[in-house]
Amino acid sequence: MTDFVPARTGLIYNPLGGWFRKHTAHMQSLLAALPEIRQIQAINPAEFEQAVIAVVNEKIEWLIIVGGDGTLQGVISCLFEHLSPDKWPEITIVPAGTTNMTALDVGTNERAEQILTRIRQYLQQPGEVKRISRPVLRIEQAGRKSVYGMMLGLGLIARGVKFSRSQIKQIGITGSIFTLLIVLRSLAGTFLGRPQAEWAPVRITRRDGVNGEKEEVYLFALISALEKLLLGIRPYWGQESAPLHVTFVEQHSKRFWRNIWPLIAGRGHHLQKEEGYISYNATSIELWLDDEYIVDGELYYASSQYGPVKITADGPVQFRVL
C-alpha cells in the first residue's frame, strides 16, 4: 500500500549499540541527513525514559529506533509505562546493535545505512510499506518493576549472554557471528567435559494452563513473541492458538545431539515430553526460580522469595517496515 509520511516523526538512537559504535562517523553523517526528523540520543534506562516522554509529549506518530535488541527493549518498556499500546506510534527498527533479533524477525534484513537511506528517500517520496504486528512479553514479579521484551531465555541462553559480555563482546564481534559463538560456547561448556558452575542448567518450577505445575532441571528454556530468532532458527513447534512460543529442554534430554537440528529448526514435532523436549504456545506462564535470565540480551535475576515470575502476552506492537 502507499502511505504518506506522518506529520510527526521521531528517532531515538543509541550510539553505544554494537554496530553503531563500529561505524560512528558514518552513522552520524546519515543521521545528519535527516534534519526533518526529531532525533533523541539515549544510551541508558534514564535516557530511554526521557526520550519516550518526549515522544509522548510531542505526539510522535512514527518512531524510528536506531539500535539493537537492548535499545528496542528499553524503549518498549518505557512506552508501556506511559501509553497503552493502541496509542503507540508505529515503530521502524534500524538494526545497529550487537544483536538485532527483532529487526530480522519483522523483515528488516538490510544494514543500518541501507535502512536510513531508504527512510530519507521515503521522506522525499512516500511509497509502499509493510506493517507487522508482534505481541510483547510482560514480565512481572512482586516487588520488582515490570520488564517488557520480545524474548526471555534461561539456562544456557542466559549463561551465554553473560559470557559474551565479559569476553566475546569486547573484541567487537556483532550480529549472527556473535550469536553463533555464544551458542557454541554454551554447548561446549556443557558437553565437552567442562561442567563449570557458571554453565550450570537451571532449576525451574513452571505453571501454565497447558501442562499444570512441574519442577525440573533444564539445559535451557525460552519464551518468545518472535516467529524466528537470530540465524533464522525457530526452536519451537507448538500448535496451540496462543501468542507466546515456549520451549523447555531438560538437562537429561535423550539423544540431544541427534535432535539438535530439528530442535532449532522448528521441526521438533516428533520430539516427546517423555524424552525431555517440551514446546507449546501459551498466553501466560509462571516460573519459580532462583537464577538469572535474559530479556533481549539484558540480564536480570529472579528470586523465588518474591513469588513467581509471571510472563504474559501484551501489546501487540505495530512495526513499519520500508
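A residue counts as buried when its relative accessible area is under 20%. The structure used in these exercises is a predicted model.

**Exercise 1. Classify tyrosine 122 and tryptophan 62 as buried or exposed.**

Step 1. Tyrosine 122 has a relative accessibility of 4%. Because this is under 20%, tyrosine 122 is buried.

Step 2. For tryptophan 62 the relative accessible area is 0%, so tryptophan 62 is buried as well.

**Exercise 2. Determine the geometry of the ring pair formed by tryptophan 62 and tyrosine 122, and locate both residues in the chain.**

Step 1. The ring centres lie 5.5 Å apart. Centres within 6.5 Å make a pair, so these two rings qualify.

Step 2. The ring planes stand at 80 degrees. Planes over 60 degrees apart count as edge-to-face, and therefore the pair of tryptophan 62 and tyrosine 122 is edge-to-face.

Step 3. Tryptophan 62 belongs to strand 3 (residues 62-67) and tyrosine 122 to helix 6 (residues 112-124). The two are 60 residues apart, and their pair links distant parts of the chain.

**Exercise 3. Apply the ring criteria to phenylalanine 80 and tryptophan 88, and name the cluster they belong to.**

Step 1. Their ring centres are 4.8 Å apart and their planes are at 70 degrees, so this pair is edge-to-face.

Step 2. Phenylalanine 80 and tryptophan 88 are both buried.

Step 3. Together with Tyr148, Phe80 and Trp88 make up one aromatic cluster. The structure as a whole holds 6 aromatic pairs.

**Exercise 4. Describe the length and burial of helix 4.**

Step 1. Helix 4 spans residues 69-82, which gives 14 residues. From first C-alpha to last it reaches 20 Å, close to the 20 Å expected at 1.5 Å a residue.

Step 2. Of these 14 residues, 12 are buried, and helix 4 is mostly covered. The buried residues include Leu72, Val75, Ile76, Leu79 and Phe80.

**Exercise 5. Describe the largest nonpolar core and the other core that lies apart from it.**

Step 1. The largest nonpolar core has 65 residues, and Phe248 and Ile311 have the most contacts inside it. Helix 4 gives the most to this core, with 6 residues.

Step 2. Isoleucine 311 touches residues including Leu137, Ile139, Leu152, Ile223 and Leu244.

Step 3. The ring of phenylalanine 248 lies under the charged end of arginine 206, at 4.9 Å from the ring centre.

Step 4. Another core, of 21 residues, lies apart from the largest one. Among its members are Met27, Ile115, Tyr122 and Leu123.

Definitions and conventions:
Residues numbered from 1 in each chain as written. Predicted model: local features only at pLDDT ≥ 70, side-chain atom pairs only at ≥ 80, totals over all residues. Heavy atoms only, no water. Helix = DSSP H or I, 4+ residues; strand = E, 2+ residues; numbered from the N terminus. Expected span 1.5 Å × (residues − 1). Buried < 20%, exposed > 50% of the residue type's maximum accessible area, 1.4 Å probe, protein only. Phe/Tyr/Trp six-rings, centres within 6.5 Å; stacked < 30°, edge-to-face > 60°. Lys NZ or Arg CZ within 6 Å of the ring centre and 35° of its normal. Core = buried A, V, L, I, M, F, W, Y, C linked by side-chain atoms within 4.5 Å. Contact = heavy atoms within 4.5 Å. Lists of a residue's contacts leave out its neighbours within four places in sequence.
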